Amino acid sequence: MKTKRSLWAVILSAALSLVLAGCSSAPAETLSTTSAAATAQMAEPSQTSTALPTESAPEDIGEGKSKILVAYFSHTGNTEEAARKIADYTGADLAEIQRAEEYENLQEEAEAEILNGAHPDITVSVDRISDYDMIFVGYPIWWDEAPAMIVTFLANNDFSGKTIIPFCTSASDDIGNSLHIFSELCPDAEIAEGLTANDLNDIEPWIQRLGIMQ
């Protein structure tokens with residue numbers, strides 16, 4: 001009996017040892033698997049993430065700004081004074097439009113030119129109108145119209161895709177009736193709000209409305 005009991009004791013002891021060994025190995029494997037998964041998750045962002053986009057350099061304030069010209073015809077000097085004010089406020093270049101030949105009889109010849117739609121020869125004190133994106137065009141009002149030299153200026157140049165901004169000086173009439181020549185001769189240009197610049201104090205708020213103060 002003692003021998004059988006001893007044998008059973010040995011068998012039970014061995015079985016218990018095997019059970020304990022199995023139980024202790026399971027947590028170790030689970031821990032190992034969990035650690036591997038955690039390591040993989042921690043490593044994943046650096047493996048799959050893309051670099052953040054770098055900030056672009058701020059745009060140079062001077063880049064992309066329109067190049068502006070103030071072209072004007074002035075007989076008595078009033079329109080020239082307004083043109084110079086506009087150039088001061090906008091930083092524009094100035095260009096004077098002149099009739100190639102002086103009038104012999106201003107009243108008769110100038111009115112006849114307007115009535116007949118004449119294009120008298122002119123000179124302009126700038127080489128390339130095409131260099132400019134925005135062109136102010138100034139003139140006195142004669143017989144409720146722009147002088148014929150302005151018609152020549154518009155007809156002789158390509159204003160496609162450019163912005164034209166009319167202004168005038170006048171003893172009585174405003175700019176309204178003279179504006180038709182711009183849409184007729186420059187159909188592919190943008191025609192901005194014009195101004196009758198008899199009062200020089202009106203120029204600054206007008207330029208501000210246009211959004212092109214220097």
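The dialogue below walks through some features of a predicted model, from its cores to its charged pairs.

Me: Which residues have the most contacts inside the largest nonpolar core?

Reply: The largest nonpolar core has 31 residues, and those with the most contacts inside it are Ile135, Tyr139, Ile150, Phe153, Leu154 and Phe159. The elements that give two or more residues to this core are the strands S1 (68–72), S2 (93–99), S4 (134–140) and S5 (163–169), together with the helices H3 (106–116), H4 (148–156) and H5 (180–185). H4 gives the most to this core, with five residues.

Me: How many of the residues of H4 are buried?

Reply: Burial is read from the relative accessible area, with buried meaning under 20%. Seven of the nine residues of H4 are buried, so this helix is largely enclosed by the rest of the structure. The buried residues in H4 are Ala148, Met149, Ile150, Val151, Thr152, Phe153 and Leu154. Threonine 152, which is found in helix H4, has a relative accessible area of 2%, and when residues up to four places away in sequence are not counted, threonine 152 touches His119, Pro120 and Ile122.

Me: Where do the buried residues of H6 fall when seen down the axis of the helix?

Reply: In helix H6, which covers residues 203–210, Ile203, Trp206 and Ile207 are buried. Seen down the axis of H6, these buried residues fall within an arc of 100 degrees, so they line one face of the helix. What covers the buried residues of H6 includes H2, S4, S5 and strand S7 (195–196). After H6 comes glycine 211, whose phi is positive, near 75 degrees.

Me: Is leucine 115 buried or exposed?

Reply: Leucine 115 has its place in helix H3, and at 66% relative accessibility leucine 115 counts as exposed. The C-alpha atoms of leucine 115 and tryptophan 143 are separated by 9.4 Å, while the two residues are 28 residues apart along the chain.

Me: What describes a pair of aromatic rings?

Reply: A pair of aromatic rings is described by the distance of the centres and the angle of the planes. In this structure the count comes to six aromatic pairs. One of them is formed by phenylalanine 73 and tryptophan 142, which lie 5.6 Å centre to centre with 90 degrees between the planes, an edge-to-face pair. Phenylalanine 73 lies in the loop between S1 and helix H2 (78–90), and tryptophan 142 lies in the loop between S4 and H4, so the pair ties together parts that are 69 residues apart in sequence. Both phenylalanine 73 and tryptophan 142 are buried, and Phe73, Tyr103, Trp142 and Trp143 form one aromatic cluster.

Me: What sits over the ring of tyrosine 103?

Reply: The charged end of arginine 99 sits over the ring of tyrosine 103, at 4.1 Å from its centre. Elsewhere, lysine 67 lies over the face of tyrosine 132, and here the distance from the ring centre is 5.1 Å.

Me: How many salt bridges does a search of the whole structure find, and which residue forms one with arginine 99?

Reply: The search of the whole structure finds four salt bridges. Arginine 99 forms a salt bridge with glutamate 113, and the closest N and O atoms of the two are 2.7 Å apart. This pair links distant parts of the chain, with arginine 99 in strand S2 and glutamate 113 in helix H3, 14 residues apart. Glutamate 113 is buried, with a relative accessible area of 8%.

Me: How far apart are the closest N and O atoms of arginine 209 and glutamate 193?

Reply: In the salt bridge that arginine 209 forms with glutamate 193, the closest N and O atoms are 3.0 Å apart. This pair also links distant parts of the chain, with arginine 209 in helix H6 and glutamate 193 in the loop between strand S6 (190–191) and S7, 16 residues apart. Arginine 209 is exposed, with a relative accessible area of 52%, whereas glutamate 193 is partly exposed at 41%. Another salt bridge is formed by aspartate 131 with arginine 128, where the closest N and O atoms are 3.0 Å apart, and aspartate 131 counts as partly exposed at 34% relative accessibility.

Key: Residues are numbered from 1 along each chain as its sequence is written. This is a predicted model: local features need pLDDT of at least 70, side-chain atom pairs count only at pLDDT 80 or more; totals for chains, interfaces and linings use all residues. Side-chain values use heavy atoms; hydrogens and water are left out. A nonpolar core is a set of buried Ala, Val, Leu, Ile, Met, Phe, Trp, Tyr and Cys residues joined through side-chain atoms within 4.5 Å. Buried means under 20% relative accessible area, exposed over 50%, partly exposed in between (1.4 Å probe, protein chains only). Helices (H or I, at least four residues) and strands (E, at least two) are DSSP runs, numbered from the N terminus. Rings of Phe, Tyr and Trp (its six-membered ring) pair if their centres lie within 6.5 Å; planes under 30 degrees apart count as stacked, over 60 as edge-to-face and the rest as tilted. A charge sits over a ring if NZ of Lys or CZ of Arg is within 6 Å of the ring centre and within 35 degrees of the ring normal. Contact means heavy atoms within 4.5 Å. The arc is that of the directions from the helix axis to the C-beta atoms. A salt bridge is a side-chain nitrogen of Lys or Arg within 4 Å of a carboxyl oxygen of Asp or Glu.
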